[in-house]
Amino acid sequence: MTTRAMSPLRQRMLEDMQLRGLSARTQEAYSRAVGQLAQHYHRSPQQLSDEDLRQYFLYLTNEKKLARPTTTIALCGLKFFYQQTLKQPWPTLQFVRPQPEYKLPVVLSREEVRRILPLIKLPAYRACLTTIYAAGLRLQEGRHLQVADVDSARMLLHIHGKGKKDRYVPLPHSLLKLLRAHWRTHRSPLWLFPAPTRHGLAHSLAHNGGPVTRCSVQNAFHHAWQASGINKPAHVHTLRHSYATHLLEAGVNLRLIQEILGHRSPRTTARYTHLTHEVRATVTEPLKQLMQDL
């Protein structure tokens, strides 16, 4: 969907996604999925048959061996394109189901979090990632925080969440102090974490450079994680998993954690119960007894 001949079709799909109210990131992911299908066959997706789609998903499954989330995005993107834009309800799109997975998230201990965060060199990224951990935020939520989102009177952060679902999360006093100290270094009227561009922060603020970018925050965390020597495969979202687990270990009610994280289903939050130190400790003594005579 990137060639000139495809641009009217691409435009039609983009308009359909906008009318459906899909987020910009979802629109990008769906468009990419259709573009990858076109690249695979070197033909317009409009010219493909149901059998072509069947063979494509077999290719993704057996040769590319894509993870379930990646296959699901491809399936959803192609379903939207064929069913909504082209009005072609191919049977394969109703039949394909990515293989279920059940993976527990990686969780850092409190000590590991405290080893990684100080190793982040640039103050903008260190402040952003500390906020992501201290408030249990997604990366997109953290980097898009605005000055007006800080409610110091009620000690809350106003989070503009996934799927345009707003929520409030508790604002620890120590985090408020950090945010105020960081804001005084740039005094942006809009962003808590304005992007430090290669032309300097002053240039970024004068030309509305926007907030720190997704890639720059991810890279800053990755370099700090590597420098820490921690072997767990951690990434930015690991901070959110760790926050939830640490709250559970501190005795915070699961329902309250669900509200703070912005989970729709309690089942999503409940997976953190498998990761707490207290849950693991309950099996330690029985295991010791089992091993005594071996």
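Predicted model: local features only at pLDDT ≥ 70, side-chain atom pairs only at ≥ 80, totals over all residues.
1. A network of salt bridges links Arg138, Glu141 and Arg167.

2. Residues are numbered from 1 along each chain as its sequence is written, and side-chain values use heavy atoms, with hydrogens and water left out.

3. As an overall description, the secondary structure of the protein comes to 15 helices and 3 strands, where helices (H or I, at least four residues) and strands (E, at least two) are DSSP runs numbered from the N terminus. Of the 294 residues of the protein, 41% count as buried. The accessible surface comes to about 17,500 Å², and 55% of this surface belongs to carbon and sulfur atoms; the areas come from the Shrake-Rupley method with a 1.4 Å probe, and for residues only the protein chains shown count as cover. When contacts between residues at least 6 apart in sequence are considered, 57% join residues at least 24 apart, a contact being heavy atoms within 4.5 Å.

4. Salt bridges in the structure number 9. One of them joins lysine 232 to glutamate 112, with 2.8 Å between the closest N and O atoms. Lysine 232 lies in the loop between α11 (214-228) and α12 (236-249), and glutamate 112 in helix α6 (residues 110-116), so the pair ties together parts that are 120 residues apart in sequence. Lysine 232 counts as partly exposed at 30% relative accessibility, whereas glutamate 112 counts as buried at 14%.

5. A further salt bridge is found where the side chains of arginine 43 and aspartate 52 meet, at 3.3 Å from N to O. Here arginine 43, at 35% relative accessibility, counts as partly exposed, while aspartate 52, at 17%, counts as buried.

6. How many aromatic pairs does the structure hold? There are 4 aromatic pairs, a pair being rings of Phe, Tyr and Trp (its six-membered ring) whose centres lie within 6.5 Å, with planes under 30 degrees apart counted as stacked, over 60 as edge-to-face and the rest as tilted. The rings of tyrosine 30 and phenylalanine 80 have their planes at 45° and their centres 6.2 Å apart, so this pair is tilted. Since tyrosine 30 lies in helix α2 (residues 24-41) and phenylalanine 80 in helix α4 (residues 68-85), the pair ties together parts that are 50 residues apart in sequence. Tyrosine 30 counts as buried at 15% relative accessibility, and phenylalanine 80 is buried with a relative accessible area of 7%.

7. Phenylalanine 81 and tyrosine 82 form an edge-to-face pair, with 5.0 Å from centre to centre and 75° between the planes, and both residues are buried. Ring pairs also link Tyr56, Phe57 and Tyr59 into a cluster.

8. Helix α7 deserves a separate point. At 1.5 Å a residue, its 13 residues (residues 123-135) should span 18 Å, and the end C-alpha atoms are 18 Å apart, which agrees; the expected span is 1.5 Å times one less than the number of residues. The helix is mostly covered, with 10 of its 13 residues buried, among them Tyr125, Cys128, Leu129, Ile132 and Tyr133. Just after α7, glycine 136 takes a positive phi of about 65°.

9. Positive phi values also occur in residues other than glycine. Lysine 87 has a phi near 60°; lysine 87 lies in the loop between α4 and α5 (91-95) and, at 57% relative accessibility, counts as exposed. Arginine 187, which is not a glycine, has a positive phi of about 55°, and its place is in the loop between α9 (173-183) and α10 (201-206).

Definitions and conventions: Buried < 20%, exposed > 50% of the residue type's maximum accessible area, 1.4 Å probe, protein only. Salt bridge = Lys/Arg side-chain N within 4 Å of Asp/Glu carboxyl O.
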